[in-house]
Amino acid sequence: MGNARRAAAARDRAQDIEKSQVLLARRDTREKLGVPIDGLAARVVELLNDIQRTLLERAVAFRDEHTQQADTYDAFKQMLEGRPGFVLAPWCGSAACEAQIKTDTQATIRNIPMNPPKAEGSCVRCDSPAEFVVRFEIVLVGRPFQGRP
Ligand SMILES: [Zn+2]
């Protein structure tokens, strides 16, 4: 930081003290807010709740944008070939089937989504009836898909 910027920052802090306020900087939006010391605790709680909500919305949108749905094994394999992402697919619930999917595609089961679509038809890999719709994820270079915004 240069001398001019340092002096300006010091003037800003002095003004904050005169106004009995503090400067809050949000890391998620880069927004800076002058907040009165009076009521600061309540305002911080409010901002933290807002940050939490914003981060969750971003994460859900990111996940949804990178999730595809597969009904056939060929489509499933194609969706996961060489690129990270999530695929929802019906699964019979068999550990052997899960292991074969991992061998064939490197994809592992990430979770059973909350409020999943009803499992219909047969498992994406075998002919057994589907018990669940699960979210598969391919893990490349030993790391989960973390291309967060
Ligand atoms: Zn199966």
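Helix α1 is hardly covered, since the count of buried residues among its 16 residues is zero; here a residue is called buried if 20 or more other C-beta atoms lie within 10 Å of its own, exposed if 12 or fewer, and partly exposed in between, with C-beta atoms placed from the backbone. Helices (H or I, at least four residues) and strands (E, at least two) are DSSP runs, numbered from the N terminus. The structure is a predicted model, in which local features need pLDDT of at least 70 and side-chain atom pairs count only at pLDDT 80 or more, while totals for chains, interfaces and linings use all residues. Residues are numbered from 1 along each chain as its sequence is written.

From its first C-alpha to its last, α1 reaches 22 Å with its 16 residues, close to the 22 Å expected at 1.5 Å a residue, where the expected span of a helix is 1.5 Å times one less than its number of residues. The helix is followed by S20, whose phi is positive, near 55°. Most residues other than glycine have a negative phi. S20 lies in the loop between α1 (3-18) and β1 (21-25), and this residue is exposed, because 10 other C-beta atoms lie within 10 Å. A positive phi also occurs at R30, a residue other than glycine, with a value near 65°. R30 is found in the loop between β1 and β2 (32-36), and R30 is exposed because it has 7 other C-beta atoms within 10 Å.

Q21 belongs to strand β1 and is partly exposed, with 16 other C-beta atoms within 10 Å. Leaving aside its neighbours within four places in sequence, Q21 is in contact with D16, G34, V35, P36 and I37; two residues are in contact if their C-beta atoms, placed from the backbone, lie within 7 Å. Q21 and L33 are 12 residues apart in sequence, and their C-alpha atoms are 9.7 Å apart in space.

The domain assignment of the chain gives domain 1 (3-64) and domain 2 (67-138), with bounds that come from an automatic or database domain assignment. Between the C-alpha centres of domain 1 and domain 2 the distance is 42 Å.

An open sheet is formed by four strands in the order β3-β4-β6-β5, with mixed pairing; two strands pair if DSSP finds at least two bridges between them. Its edge strands are β3 (67-69) and β5 (107-111), each of which pairs on one side only. From one strand to the next, the twist averages 40°, where axes are lines fitted to C-alpha atoms, for helices over the stretch in contact, and angles run from 0 to 180 degrees between N-to-C directions. Strand β4 (residues 86-91) and strand β6 (residues 132-138) pair in the antiparallel sense over six bridges. In β6, the bridge partner of F86 is E137, and that of A89 is V134. Strands β5 and β6 also run antiparallel and are joined by four bridges, and I109 has F136 in β6 as its bridge partner.

At the edge of this sheet, T67 has its place in strand β3. T67 counts as partly exposed because it has 16 C-beta neighbours inside 10 Å. Apart from its neighbours within four places in sequence, T67 is in contact with F86 and L88. T67 and V87, which are 20 residues apart in sequence, are 5.4 Å apart in space, C-alpha to C-alpha.

Helix α3 (residues 73-80) lies across β3, β4, β5 and β6, and runs at about 160° to β4. In soluble globular proteins, nonpolar side chains tend to be buried together. A nonpolar core is defined here as a set of buried Ala, Val, Leu, Ile, Met, Phe, Trp, Tyr and Cys residues joined through C-beta atoms within 7 Å. The largest nonpolar core has 16 residues, of which F76, L80, V87, A89, W91 and F136 touch the most other members. The elements that give two or more residues to this core are α3, β4 and β6, and its largest share, five residues, comes from β4. Not counting residues up to four places away in sequence, L80 touches V87, T105, A107 and I138.
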